[in-house]
Amino acid sequence: MGNGRNPPALVENNNWVMEMKRQEEPLKKIFSYEMVNQIFDALDEGIIIVDRDYRILFYNRTLSRIEGLESHNVIGKKLLDVFPSLTPEESTIYQVIRSGKPIFNRYQTYLNYRGKEIKTVNSTIPIMENGHVLGALEISRDVSELYMLSQKVLELQQKLLGKKCRPAHAGCRYTFDSIIGRSQKIRELVKLMKKVAGTTSSVLIYGETGTGKELFAQSLHSESPRKNHPFIAQNCAALPETLLESLLFGTTKGSFTGAEDKPGLFEQADGGTLLLDEINCMGLSLQSKLLRVLQEGVVRRIGASYDIPVDVRIIATTNERPEELLKSGRLRKDLFYRLSVIYVEIPPLRERPEDIEDLVGHFIEKYNRKFKKDVKGVDQQVLSLFKEYPWPGNVRELEHVIEGVMNYVDEGYISFSDLKYVNFGSFRNYVEHRSERPSGVKSRLDEYEKDLIINALRKSGGNVSKAAKSLGIKRQALQYRLRKYGIDRKLLS
Ligand SMILES: Nc1ncnc2c1ncn2[C@@H]1O[C@H](COP(=O)(O)OP(=O)(O)OP(=O)(O)O)[C@@H](O)[C@H]1O
Ligand SMILES: [Mg+2]
């Protein structure tokens, strides 16, 4: 490998051994007892060395901190005298000295000198000479805090769910009436989802971030015969795999250290709906366990030997296209077919500009109520900017823009100059770019005229004569303006 550690290819084997021996001498001087002491004390891991009579020979500073013991009170004593809560069967050091075989990454729980429970992950290596065990060296990583934090996350989630589930339908705020938008795409989706609300088939919803996946999922539940049973949403990206598994399936006492008898979300959602948000972030092994629940209608708590039947409707969401997930192997094919009995795609906002005006009105009303303001709407220039902007964050981004501006505007119409109050991301860049263009009276009048024409054409279904009449101008004058502003009437029919 050419890293200098391998014997040079052209040196005789014997020469190489002599060379190694020559290098050992200065190394021995460098790695004096004090030096090793210093190195071991500087590590974040605890280190203990025990001889074959289980007498402690070495005990570093980190271990002394973890266990609350001073090294001079420990060294020379027998292991079980210092840790009376340990038994030879549980002790990794005992096991290694007896077997002469190393143990790596073993999870261990014991009480320290002050009676505090310590959780460590240990690697224990035998110290051998001529085939005999002289003792063992153990390296311990303290994971008590990490463990406590992950338990806390679980507990908080359970508490939150407990609260949410008190009224049977709680956790679910929306109905199909909450879905704003006149576009054909949205109206068709609402119609389709109302139709399937009565069944128990699984639903997979795909949509970019902020398109309303959760809104649709909640509406489906509120419309269904399950509406008086729980609606529970769990984000699959928010938790590490093992925690997500215990949260979904539940645990039995003793299934792992500290585990309690706890029902999982499947059991808690019994009779209702479980929304598995961002299923694209669920690991493959958990996906296969989920498939089993879907196929057999039963769950097994972690550590249990029996199944519990559950009646839960599953709605899953993904913000990445299922085809891509399947192609890259991040979504199991069998699970995909099970989940997508009903498959729904929510189009991004930029593909349905017809929805913008209604959504703007809806959010202005919402924040008028919330902030006690009297804003009437947005002016024509802002409306056309909203219709042109591609909204990468979709409806959520539109709502944030309106909320942001309404902190500063109290009444009247929101105008282009008010958009300076929005200070985040791509919308701000877009507005700044727009304001670099000429923004004199002439160009603002042009924008206004263009909007009037577009509206008139929409109302007339693309008929130029009718639109001209409603605008009070001649047909030829309208045609001239269509060319001037590059408006394609066919797109508006
Ligand atoms: N058609 C709509 N009518 C009214 N409000 C909407 C509509 N679509 C989305 N919203 C609102 O936009 C916000 C984002 O919606 P939601 O949380 O359902 O999006 P999402 O697709 O789940 O996003 P993400 O992938 O980021 O989780 C919510 O406040 C929701 O109420
Ligand atoms: Mg969501």
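Predicted model: local features only at pLDDT ≥ 70, side-chain atom pairs only at ≥ 80, totals over all residues.
Start with the ligand. Ligand 1 has a shell of 16 residues around it, and T209, G212, K213, E214 and V395 are the closest of these. Two helices, α8 (213-223) and α16 (394-406), are the elements that each supply two or more residues to that shell. Sorted by class, the shell comes out as eight polar, four nonpolar and four charged residues. Domain 2 (149-347) and domain 3 (352-437) both take part, with at least three residues coming from each.

Helix α16 turns up again in the packing of helices. The partner of α16 is helix α14 (residues 356-371), and the pair packs at about 45° with axes 10 Å apart. That angle makes α14 oblique to α16. The crossing of α14 past α16 is right-handed. On the α14 side, the contact uses L359, V360, F363, I364, Y367 and F371, while α16 brings V395, L398, E399, I402, E403 and M406. By class, 10 residues of the α14 contact with α16 are nonpolar and two are charged, with no polar ones.

Helix α19 (residues 464-471) and helix α20 (residues 475-485) have axes that come within 9 Å and cross at roughly 105°. Since angles of 65 to 115 degrees count as roughly perpendicular, α19 and α20 are therefore roughly perpendicular to each other. From α19, the residues in contact are V464, S465, A467, A468 and L471; from α20, they are R475, L478 and Q479. In terms of class, the contact of α19 with α20 splits into five nonpolar, two polar and one charged residues.

Terms used. Residues numbered from 1 in each chain as written. Chains lettered and ligands numbered in written order. Near = placed C-beta within 6 Å. Helix = DSSP H or I, 4+ residues; strand = E, 2+ residues; numbered from the N terminus. Nonpolar A, V, L, I, M, F, W, Y, C, P; charged D, E, K, R; others polar. Domains from an automatic or database assignment. Axes fitted to C-alpha atoms, helices over the stretch in contact; angles between N-to-C directions. Parallel < 35°, antiparallel > 145°, perpendicular 65-115°, else oblique. Contact = placed C-beta atoms within 7 Å. Left-handed = near helix turned anticlockwise from the far one by under 90°.
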